[in-house]
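Hello,

Here is the structure we spoke about. Please open it first, then read the notes below.

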Amino acid sequence: MNSLYKRTPFRQIARAYGELLSASAALKDLSINSQAQALAIQKIAIDIQAGGARAAPEQSASPDSPHSEWLRQFAASPDEMLLTDPECYTNWLGLQTDASMFNSAEQLRGRVFPQLPVPSDGVYGHDAEYTSLLTAIEGAPNRERFTAIELGAGWGPWISAVGVVCKRRGVKEINLVGVEAHDAKFEMMREHMTRNGLLNVNGVNTKLMLGAAWKEDTELHFPKISVKDHGAAATDSPGETDYRGNAAEHVAVKAYSVPTICEGLGRIDYMHWDIQGAELATARASIDFLEKNVGYLFIGTHSRAIEGHLLELFYERKWDVVHQKPCVFSYSLHAPSIEAMTQDDGEIFVRNPHLRD
C-alpha cells in the first residue's frame, strides 16, 4: 500500500532524524524516538489546523486529473454503494472494508466515499494503483475470463477490486489468488472477500494461500504484528528486531515461488506485488515464468536500489514500463536497512509485450 497508514514508527523516526539535523542544538540531546514523537505531534497539530485533510479520503480527490473521466466509467452506481455493515466503509468501487484495520478507523467507520482516488483515496493507495488493474481489465484479450493475483495481499484489496469490477462487467470466469503471511490478515482477507461477494459464489474461483511470496519454495519467518501494521516483511534471517529496527518476535511461515503460486492457472492477466523488499529477488528468480504467463504486473517498491535494479531488469527483457514513480525516503545512517528509510512506497507498472493474446 502507498497511503499514509503504512508509514511505520521507524520510518517516522528516519524522517524525523533527517529533518531535525538542521534544528537547534537543544534537540540534539533528545533520543531518536523522542524526536519522532515530537515530529508526529507537530504534524497532527498541522493537520488539525488544516482541517484534517489527510485523514479524510474525500479530500484527496481532484477533478482536474486526466485520469478522472476514465476512472469514472468503473465507479459503482449509487445503488451499489449502500453500506450494509456499520463497522465498514465503502469506497468508490463499492467495496466494503473493515475499518478496524486502520489507525483512522473512527473517521472511516460507517461512511461511504464515492470520490475518485485522485491523486489517492487516502487509505488503499494512489490512482496509479487503481489505474493499473483497470488497464489490465480493459486490455484483457479474453473478455470472458480474467485472472488476478495479489502477493503480500493483506486483506486482499486489489484482487477484490478486480473481482467487483469484473463482476459488474459480466466477466463469466473470474480467478482470484491472494497470498498473505500474517495469519490474522489472512483471515481478514477471507472475510473481506466474503463480504464483497467474491468467495464461494458462481463465476468466481478464489484461492487464498497463507504464506509469503519469495524467490523459491522454502520456509521463512514473519514478525508478530498488529493488523494495523502494514509494513512487515518475511525474512530468512530473523533476529530480535525487524528490518525497520522494531523489536519483533518471529514465527515460521511457508514461502512460495511465483511459479508455485500460479500453478494450473494458465494466463495471468494481472499481478500486484507488495512484498516489502523481496520484490527484486522474486522478480529475478521468476522473470522467465512471468514472461511466458503474465500480462500486466504492478510492483510496490521499497527502496531506490530495488527500483533501479527492477527497471534495469525490465529494460533488459524489453518489457514496457507503463508507469513508474520512485519511493519517498529519508536517508539516515541510523536506519537498520535501506528499506527502512522508505516513507511511501514507489510504483512500477509494466506490460509484457512478449505474451501472445
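Is Glu138 buried, partly exposed or exposed? Glu138 has a relative accessible area of 27%. Buried would need a value under 20%, and exposed a value over 50%. Glu138 therefore counts as partly exposed. This residue sits in helix α5, which covers residues 127-138. Setting aside neighbours within four places in sequence, Glu138 touches Trp70, Gln73, Phe74, Arg143 and Arg169.

Now the model as a whole. This is a predicted model. The mean pLDDT of the chain is 86. A value of 70 or more is reached by 82% of the residues.

On to the fold. The chain has 357 residues, and 52% of them are buried. Its secondary structure comes to 10 helices and 14 strands. Take the contacts between residues at least 6 apart in sequence: 71% of these join residues at least 24 apart.

Asn293 belongs to helix α9, residues 279-293. Its relative accessibility is 17%, so Asn293 counts as buried. The cut-off for buried is under 20%. Beyond its neighbours within four places in sequence, Asn293 is in contact with Gly266, Arg267, Ile268 and Leu355.

Then the cysteines. How many disulfides does the count come to? The count is 0 disulfides. Cys166 has a relative accessible area of 0%, so Cys166 is buried. Cys262 is at 3% relative accessibility and therefore counts as buried too.

Last, a pocket. Which residues lie nearest the centre of the second largest pocket? They are Ala233, Ala234, Thr235, Tyr243 and Gln276. The lining has 19 residues in total. Of these, 7 are nonpolar, 9 are polar and 3 are charged. The space in the second largest pocket is about 320 Å³.

Best wishes

Technical notes: Residues are numbered from 1 along each chain as its sequence is written. This is a predicted model: local features need pLDDT of at least 70, side-chain atom pairs count only at pLDDT 80 or more; totals for chains, interfaces and linings use all residues. Side-chain values use heavy atoms; hydrogens and water are left out. Helices (H or I, at least four residues) and strands (E, at least two) are DSSP runs, numbered from the N terminus. Buried means under 20% relative accessible area, exposed over 50%, partly exposed in between (1.4 Å probe, protein chains only). Contact means heavy atoms within 4.5 Å. On a 1 Å grid over the protein atoms alone, a cavity is a set of points where a 1.4 Å probe fits but cannot get out, and a pocket is an open set with protein on both sides within 12 Å along at least five of seven lines; lining residues have an atom within 4 Å of a point. Grid points are joined across faces, edges and corners, and a volume is the space filled by probe spheres set on the points. Ala, Val, Leu, Ile, Met, Phe, Trp, Tyr, Cys and Pro count as nonpolar, Asp, Glu, Lys and Arg as charged, and the others, Gly among them, as polar. A disulfide is a pair of cysteine sulfur atoms within 2.5 Å. pLDDT is the predictor's confidence in each residue, from 0 to 100.
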